[in-house]
There are 2 protein chains.
Amino acid sequence: MVQKSKKLSSFKAPAPKVDAPAAPKRRGRPRAYEPDVALAKALDLFRKDGFAATSLDDLSAATGMNRPSLYGAFGDKRELYIKSYQRYRDDARAAMIDIFRNEQPIRERLARIYAIALDIYLSGESGPRGCFTVMTAASEAVSDPGIRAMVLEGFVELDKAFAACFRHAREKGELPATAEPEVLAKMASATIHTIAIRARARVPRGELEAIVKGAIDLMCRAA
Amino acid sequence: MVQKSKKLSSFKAPAPKVDAPAAPKRRGRPRAYEPDVALAKALDLFRKDGFAATSLDDLSAATGMNRPSLYGAFGDKRELYIKSYQRYRDDARAAMIDIFRNEQPIRERLARIYAIALDIYLSGESGPRGCFTVMTAASEAVSDPGIRAMVLEGFVELDKAFAACFRHAREKGELPATAEPEVLAKMASATIHTIAIRARARVPRGELEAIVKGAIDLMCRAA
DNA sequence: TGATTTTCATACTGTCTCGCATAATATAAA
DNA sequence: TTTATATTATGCGAGACAGTATGAAAATCA
């Protein structure tokens with residue numbers, strides 16, 4: 001909510017949503033980088049080492065952009081971090097939104113959500129990346145109010161999505177009438193958080209899947 | 001497990017465990033600091049800002065020790081971080097071990113454990129500190145194998161303590177025979193992790209206590 | 001062709017970083 | 001008092017850091 005979009009996607013403005021091969025004919029020297037892929041590289045670096053341990057030289061090398069280009073395209077290091085985080089959230093949301101909305105049985109929906117989460121958390125060439133929201137909460141969130149607000153928003157969004165799932169399942173009779181969607185949602189998020197953290201410590205996928213299975217059983221068993 | 005004690009408590013060596021007011025008459029110039037309180041200050045700083053964002057100047061200012069004294073007493077920055085972490089674990093364990101061992105009903109034991117955890121996570125003058133194990137997992141654990149091993153050990157230790165609790169409760173008939181202590185233990189740890197992370201985002205204590213209450217109900221209700 | 005616009009590339013500045021070298025200081029032992 | 005020992009205090013030095021200034025390069029427009 002803080003840092004409201006402003007001109008986040010300014011470099012996308014010329015392309016009118018539908019992929020337009022009709023080149024807009026920009027005026028000056030053409031860019032030597034693609035903002036989207038550069039941002040993805042920056043995101044990966046931030047996810048690996050965190051804000052403080054990632055230098056602009058590292059970012060410059062990873063994106064192939066030199067320092068002034070980085071500033072021109074994304075602003076200073078903090079802004080780049082924030083844009084990376086927004087990108088992460090957008091990607092994660094896009095990967096899960098269909099499952100959160102569809103009509104499968106609750107157990108199956110949860111299983112698929114966690115499978116996608118594990119894919120995200122365990123990806124990365126030089127080791128698992130974990131959850132960027134959790135990492136940011138652990139590092140920058142205490143001292144930076146703007147970033148803290150974004151992290152908090154991320155938690156709330158996930159809680160609400162899970163709660164909606166459980167509410168729906170209760171209405172369909174998959175869960176007992178006494179089930180409390182909000183409480184179950186917190187436990188579902190807690191499961192997300194624990195696998196995200198354990199993934200950073202290189203706990204193997206099999207163990208994380210076992211935790212997920214146990215959590216689903218506990219949350220969905222008839223009371 | 002890595003960095004095995006070696007000479008961790010070298011400065012405690014003269015004091016033979018029982019508090020000895022018989023001054024050991026050390027040879028040279030006396031210390032101007034107390035290692036224990038200095039380490040506590042360093043720990044607090046690391047918990048607040050993390051490894052990378054904490055400079056030796058910060059540590060020097062906080063502890064009142066100048067740089068060479070820091071090196072002499074604790075080694076380089078990484079060693080100081082590791083010793084801070086060990087101190088944190090020792091303190092946390094000391095605060096919880098009685099409750100993990102005693103004979104109260106399971107719900108009450110869990111409630112007390114979480115209350116202590118919240119005290120630890122929410123302490124700190126300039127904002128909540130969260131859980132140092134979780135913070136370290138989120139930052140240094142991916143790239144530093146030694147630190148990763150310590151974090152992993154921390155996770156396992158907590159899982160085992162919770163599992164022992166649940167096993168004991170099942171034997172006493174507080175939980176159904178079908179309850180799986182290891183599975184419940186993972187959920188209990190997940191609850192620890194989620195409140196630790198949310199605390200960093202300044203979620204108020206009341207909300208965290210509500211999460212804890214819901215988790216205890218879910219874990220302890222008759223299946 | 002020449003003017004304009006946008007980006008790239010190099011290099012710079014002042015500050016901070018870690019770790020250590022050196023010397024002064026305060027105690028105990030001889 | 002002298003010597004040995006252990007600590008404090010100052011500060012150096014090579015490098016990393018974030019951010020910017022300057023000028024060259026590559027495109028469009030007139």
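Copies are superposed by least squares on the C-alpha atoms of residues with pLDDT of at least 70 in both. All views show a predicted model.

View 1. A rotation of 180° with 0.0 Å of shift along its axis places chain A on chain B. The RMSD is 0.1 Å.

**View 2. The surface near DNA strand D draws on chains A and B.** There are 25 residues around DNA strand D. A:R29, A:S55, A:L56, B:G28 and B:S69 come nearest. Elements giving two or more residues are α2 (56-63) and α3 (67-74) of chain A, plus α3 (67-74) of chain B. The most come from α3(B), with 4 residues. By class, this surface has 12 charged, 7 nonpolar and 6 polar residues.

View 3. A:G124 follows α5(A) and has a positive phi, near 120°.

**View 4. The buried residues of α5(A) line one face of the helix.** A:R109, A:L110, A:I113, A:Y114, A:A117, A:I120 and A:Y121 are buried. Seen down the axis of α5(A), they fall within an arc of 125°, so they line one face. An α-helix has 3.6 residues a turn, so residues three or four places apart point the same way. On the other side of α5(A), A:E108, A:A115 and A:D119 are exposed.

**View 5. The buried residues of α5(A) pack against other helices of chain A.** Their partners are α4 (77-101), α7 (145-171), α8 (181-200) and α9 (205-220).

Conventions. Residues are numbered from 1 along each chain as its sequence is written. Chains are lettered from A and ligands numbered from 1 in the order in which they are written. This is a predicted model: local features need pLDDT of at least 70, side-chain atom pairs count only at pLDDT 80 or more; totals for chains, interfaces and linings use all residues. A residue is near a molecule or strand if its C-beta atom, placed from the backbone, lies within 6 Å of it. Ala, Val, Leu, Ile, Met, Phe, Trp, Tyr, Cys and Pro count as nonpolar, Asp, Glu, Lys and Arg as charged, and the others, Gly among them, as polar. A residue is buried if 20 or more other C-beta atoms lie within 10 Å of its own, exposed if 12 or fewer, and partly exposed in between; C-beta atoms are placed from the backbone. The arc is that of the directions from the helix axis to the C-beta atoms. Two residues are in contact if their C-beta atoms, placed from the backbone, lie within 7 Å.
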